[in-house]
Amino acid sequence: MGRRPARCYRYQKNKPYPKSRYCRGVPDPKIRIFDLGRKKAGVDEFPCCIHLLSLEKEQLSSEALEAGRIACNKYLATNAGKDNFHIRVRCHPFHVLRINKMLSCAGADRLQTGMRGAFGKPNGLVARIDIGEPIMSVRSKDSISHHVREALRRAKYKFPGRQEIVFSKNWGFTKYSREEFIEKRRSGVLRPDGVGCQVVKIHPFQKPTGN
């Protein structure tokens, strides 16, 4: 018996049902890697940030997330070079789907129990997303932003519902706007910390130093 079509599980109908000690026998999600490209690049290297936002409240299967991740990565690695971007899949599949398996062979009507014990067994995993929630984010150099936009446009075809590609006003994956980031880095208030940055705590009598 093959996979059910994703349209059977597209809408958020019930409460979240995560894997737990009560919900056992859950299959592994198809997507295992959530960061691709040059993920260790410093915060100063990739100023441009583009998001793929969901315009619907729905569920995205782990298979769809994996397909979108591969499509986006393949286009960018080919056209922009594998060291010029950092892709991050923002939603994680934690919600467990259930299926009440029924026999479909000849004479099945004599064997089936119908509605008895119809709660169902774990069948797959999906991510529950809201309107305006980012599905994927890509940070890169400004010079290849057109390639990033095209890569996210191709990834859109792997997801149900409607999505929107949005250029962020912030610097990379940080919470600071470009102007604010440049000024605070110059004045020494911010210091790089991997893909993000930290605020330097300054003593009242200490003079800030740029780094």
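**View A. The open, five-stranded sheet of the predicted model.** The strands follow the order β1-β4-β7-β2-β8, and their pairing is antiparallel. At the edges of the sheet lie β1 (35-37) and β8 (163-167), each of which pairs on one side only. From one strand to the next, the twist averages 15°.

View B. Asp 35 has Arg 88 of β4 as its bridge partner.

**View C. Helix α3 packed on the sheet.** The helix, spanning residues 145-156, touches β2 (48-54), β7 (134-140) and β8. The direction of α3 makes about 15° with that of β2.

**View D. Packing of helices α1 and α3.** Helix α1 comprises residues 62-79 and packs against α3 at an angle of about 150°, with a distance of 8 Å between the two axes. Because angles over 145 degrees count as roughly antiparallel, α1 and α3 are therefore described as roughly antiparallel to each other. Their crossing is right-handed.

**View E. Residues in the contact between α1 and α3.** Helix α1 contributes Gly 68, Ala 71, Cys 72, Tyr 75, Leu 76 and Asn 79. From α3 come His 147, Val 148, Glu 150, Ala 151, Leu 152, Arg 154 and Ala 155. Eight residues of this contact are nonpolar, three are polar and two are charged.

Definitions and conventions: Residues are numbered from 1 along each chain as its sequence is written. This is a predicted model: local features need pLDDT of at least 70, side-chain atom pairs count only at pLDDT 80 or more; totals for chains, interfaces and linings use all residues. Side-chain values use heavy atoms; hydrogens and water are left out. Two strands pair if DSSP finds at least two bridges between them. Helices (H or I, at least four residues) and strands (E, at least two) are DSSP runs, numbered from the N terminus. Axes are lines fitted to C-alpha atoms, for helices over the stretch in contact, and angles run from 0 to 180 degrees between N-to-C directions. Contact means heavy atoms within 4.5 Å. Angles under 35 degrees count as roughly parallel, over 145 as roughly antiparallel, 65 to 115 as roughly perpendicular and the rest as oblique. A crossing is left-handed if the near helix is turned anticlockwise from the far one by less than a right angle, and right-handed if clockwise. Ala, Val, Leu, Ile, Met, Phe, Trp, Tyr, Cys and Pro count as nonpolar, Asp, Glu, Lys and Arg as charged, and the others, Gly among them, as polar.
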